Amino acid sequence: MKPVIIIPARWGSSRFAGKPLTAMLKGPDGVEKPLIERTYEAAKVLSEIADIYVATDDDRIKDACEAFGAKVLMTSVDCRNGTERVYEAAQQLDPRPEVVVNWQGDAPLTPADFITALIEAMDDSSVQVVTPALRCDLESFDRFKQQRSVGLVGGTTMVLSNQGNALYFSKEVIPFTSKAYAETDEIPVFHHVGVYAYRFSALETYCDFEPGLLEDLEGLEQLRFLENEISIKAVVVDAKGRGIWEVNNPEDIDIVSNALGA
């Protein structure tokens with residue numbers, strides 16, 4: 001059975017309320033479209049998936065998504081994060097998918113080949129959860145450092161084990177380094193690209209656990225897997241010169257629009 005993509009989208013956000021619809025992004029034609037539509041368009045190019053759904057608890061998002069042709073699965077207001085929302089949405093599908101891709105609604109720059117890499121990693125039956133890791137180039141590394149220096153909580157970094165599993169995710173820039181890097185250096189910081197593939201059974205297990213201390217402190221839902229000793233496989237991906245960033249704050253809109261080719 002082919003995987004399905006579910007794009008979780010909510011209106012409420014402490015950092016950027018309403019961003020699925022209010023964050024307007026220009027494409028190469030100069031036309032502005034809402035963030036959720038840009039993300040849906042990015043997902044549509046994949047041929048390895050069975051279907052794409054937006055999962056939301058908000059009628060404004062539902063109506064907007066249906067207007068541009070997306071299928072919508074309504075979820076409860078009780079979902080505490082995107083993973084819980086994806087699980088609740090996936091439960092509504094018949095038959096239930098074996099593999100679910102969580103493509104976060106604020107990440108329209110995620111390349112299709114990153115998703116293909118996740119799907120291929122699921123050929124290993126021992127892999128329960130998989131996510132991309134992108135080594136920072138100098139520009140993205142400096143952007144991480146600059147945002148944190150002014151108190152902006154933006155993208156996420158991660159550290160990996162020698163076996164290629166995620167050891168930790170953080171809104172801080174990890175590992176700490178005081179070294180100054182040049183364009184030719186291999187920077188030891190990985191940008192966590194916020195997309196996941198899960199086995200349906202892993203989603204069930206995830207939702208059996210309550211949020212832990214680290215998930216609460218960092219505000220990162222994936223830490224619930226690690227806190228309960230469920231491995232997350234990291235697939236190291238190559239940006240191939242493409243700009244990779246998410247809309248975490250209003251300040252990110254121009255960055256993402258420019259990368260889209262506006």
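This is a predicted model: local features need pLDDT of at least 70, side-chain atom pairs count only at pLDDT 80 or more; totals for chains, interfaces and linings use all residues.
1. Now look along H4 itself. Of its 9 residues, 8 are buried, so the helix is largely enclosed by the rest of the structure. The buried residues are Gly82, Thr83, Glu84, Arg85, Val86, Tyr87, Ala89 and Ala90.

2. Glu84 forms a salt bridge with Arg224, and the closest N and O atoms are 3.0 Å apart. This pair links distant parts of the chain: Glu84 sits in helix H4 (residues 82–90) and Arg224 in helix H9 (residues 223–227), 140 residues apart.

3. Stay with Arg224 for a moment. With a relative accessible area of 1%, Arg224 is buried. Its side chain also meets that of Glu215 in a salt bridge, at 2.8 Å from N to O, and Glu215 is buried as well. In general, side chains of opposite charge can pair when their charged atoms come close.

4. These pairs belong to a wider set. Arg80, Glu84, Glu210, Glu215 and Arg224 are linked in a network of salt bridges. In total, the structure holds 15 salt bridges.

5. Another salt bridge to find on the model joins the side chains of Asp51 and Lys71, at 2.5 Å from N to O. Here too the pair links distant parts of the chain: Asp51 is in strand E4 (residues 51–56) and Lys71 in strand E5 (residues 71–74), 20 residues apart. Asp51 has 21% relative accessibility and so counts as partly exposed. Lys71 is also partly exposed, with a relative accessible area of 41%.

6. Finally, turn to helix H5 (residues 112–121). Here 7 of the 10 residues are buried, so H5 is largely enclosed by the rest of the structure. The buried ones are Phe114, Ile115, Thr116, Ala117, Leu118, Ile119 and Ala121. What do the buried residues of H5 pack against? Their partners are four strands, namely E6 (99–103), E7 (129–135), E11 (195–199) and E12 (233–237).

Note on methods:
Residues are numbered from 1 along each chain as its sequence is written. Side-chain values use heavy atoms; hydrogens and water are left out. Buried means under 20% relative accessible area, exposed over 50%, partly exposed in between (1.4 Å probe, protein chains only). Helices (H or I, at least four residues) and strands (E, at least two) are DSSP runs, numbered from the N terminus. Contact means heavy atoms within 4.5 Å. A salt bridge is a side-chain nitrogen of Lys or Arg within 4 Å of a carboxyl oxygen of Asp or Glu.
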